[in-house]
Amino acid sequence: MTAIATVDRRVVEGLAALPVANIGDSMDRLGVVDAGIHAVWNGAALAGPAFTVEVAGGDNAGIHEAISQVPAGAVLVVNGHGVTDRALIGELIAERLRKVGCIGFVVDGAVRDVGDLEEMGFPVFARSSSPAGPYKNGPFRVGVPIALGGVVVSPGDIVVGDRDGLAVVPAAEAEAVLERARRKNEDEAETRRGILAS
C-alpha cells in the first residue's frame with residue numbers, strides 16, 4: 001500500500017470553498033475528471049484527501065476491505081473501470097463508511113440507493129446508478145495510485161466535487177493550486193461586477 005500524503009486541513013477547507021471550475025482552471029484545465037462522473041444527488045459536494053481502491057468491474061470485495069482502513073476525513077475513491085450494470089456501493093456501505101469518518105465517495109462505476117444516500121446527506125459521485133448488486137470475489141488493490149475518469153489519483157491527493165463535477169489536486173501542489181484558484185475566483189467576480197455595472 002502506498003503511503004498517504006498529508007495536506008494541511010486549512011488548504012483542504014480553502015479548496016472546498018471554491019468552485020471546482022476555478023480549481024480546474026488553476027491547473028491549466030488538467031486534473032478535471034471526465035463529465036460522466038457526477039453528483040448522484042443534487043447539492044452533493046465534497047473535498048478531502050483520497051483513499052484509493054481499484055476493483056474488478058462490478059465487484060466490491062476491495063471496498064469491504066478498505067472500510068476499516070479509510071482515515072477519518074478522507075474520500076473513498078474507487079476505480080470500478082466504468083462498469084455501470086452493477087452497483088458497487090449503496091446505503092449500507094455508506095453508513096459503515098460514515099461511521100469510520102469517511103466524508104463521501106467517488107466511484108468510476110455505479111452506485112445504488114440514491115434516495116437513501118440523499119436522505120443521509122452523504123456526498124456521492126458516480127458514473128451511474130443501478131439496482132443490481134455487486135459480486136464479492138476480487139481481485140482488488142487498496143491504497144495505490146488509480147485512474148479515475150482519465151485522471152491519476154494517488155493516495156492523499158485532494159478530491160473536490162460540486163455540481164459541475166470533480167477535480168483532483170495533487171497533494172504536493174495543493175497549496176499553490178489553492179492560491180491560483182483564489183485569484184481566479186476573485187478575477188471572475190471582478191469581471192462579473194464589471195459586466196453588471198456596464
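Which residues are buried in helix α4 (residues 91–99)? They are I93, A94 and L97, where buried denotes under 20% relative accessible area, exposed over 50%, and partly exposed in between (1.4 Å probe, protein chains only). The structure is a predicted model, in which local features need pLDDT of at least 70 and side-chain atom pairs count only at pLDDT 80 or more, while totals for chains, interfaces and linings use all residues. Residues are numbered from 1 along each chain as its sequence is written, and side-chain values use heavy atoms, with hydrogens and water left out. Helices (H or I, at least four residues) and strands (E, at least two) are DSSP runs, numbered from the N terminus.

**Helix α4**

- Seen down the axis of α4, the buried residues fall within an arc of 105°, so they line one face of the helix; the arc is that of the directions from the helix axis to the C-beta atoms.
- The exposed residues L92 and K99 are carried on the face turned away from the buried side of α4.
- Cover for the buried residues of α4 comes from elements including α3 (61–67), β3 (75–79), β4 (87–89), β5 and α5, with contact meaning heavy atoms within 4.5 Å.
- G101, which follows α4, has a positive phi near 100°.

**Nonpolar cores**

- A nonpolar core is a set of buried Ala, Val, Leu, Ile, Met, Phe, Trp, Tyr and Cys residues joined through side-chain atoms within 4.5 Å.
- The largest such core has 44 residues, and L76, I89, L97, F105 and V106 have the most contacts inside it.
- Strand β2 (residues 46–55) gives the most to this core, with 5 residues.

**Aromatic pair**

- The structure holds 1 aromatic pair; rings of Phe, Tyr and Trp (its six-membered ring) pair if their centres lie within 6.5 Å, and planes under 30 degrees apart count as stacked, over 60 as edge-to-face and the rest as tilted.
- The ring centres of F105 and F122 are 5.6 Å apart and the planes stand at 55°, so the pair is tilted.
- F105 belongs to strand β5 (residues 104–111) and F122 to the loop between α5 (114–120) and β6 (124–129), so the pair ties together parts that are 17 residues apart in sequence.
- Both F105 and F122 are buried.

**Strands β10 and β11**

- Strands β10 (residues 158–162) and β11 run antiparallel and are joined by 5 bridges; two strands pair if DSSP finds at least two bridges between them.
- The two strands form a hairpin with 2 residues between them, and V159 has V168 as its bridge partner in β11.
- In β11 (residues 165–169), 5 of 5 residues are buried.
- G165, A167 and V169 point one way from β11, and L166 and V168 the other way.

**Backbone exceptions**

- Most residues other than glycine have a negative phi, and most peptide bonds are trans.
- The peptide bond from G138 to P139 is cis, with omega near 0°; P139 is found in the loop between β6 and β7 (140–142).
- H81, in the loop between β3 and β4, is not a glycine but has a positive phi of about 60°.
- D113, in the loop between β5 and α5, has a positive phi near 60°.
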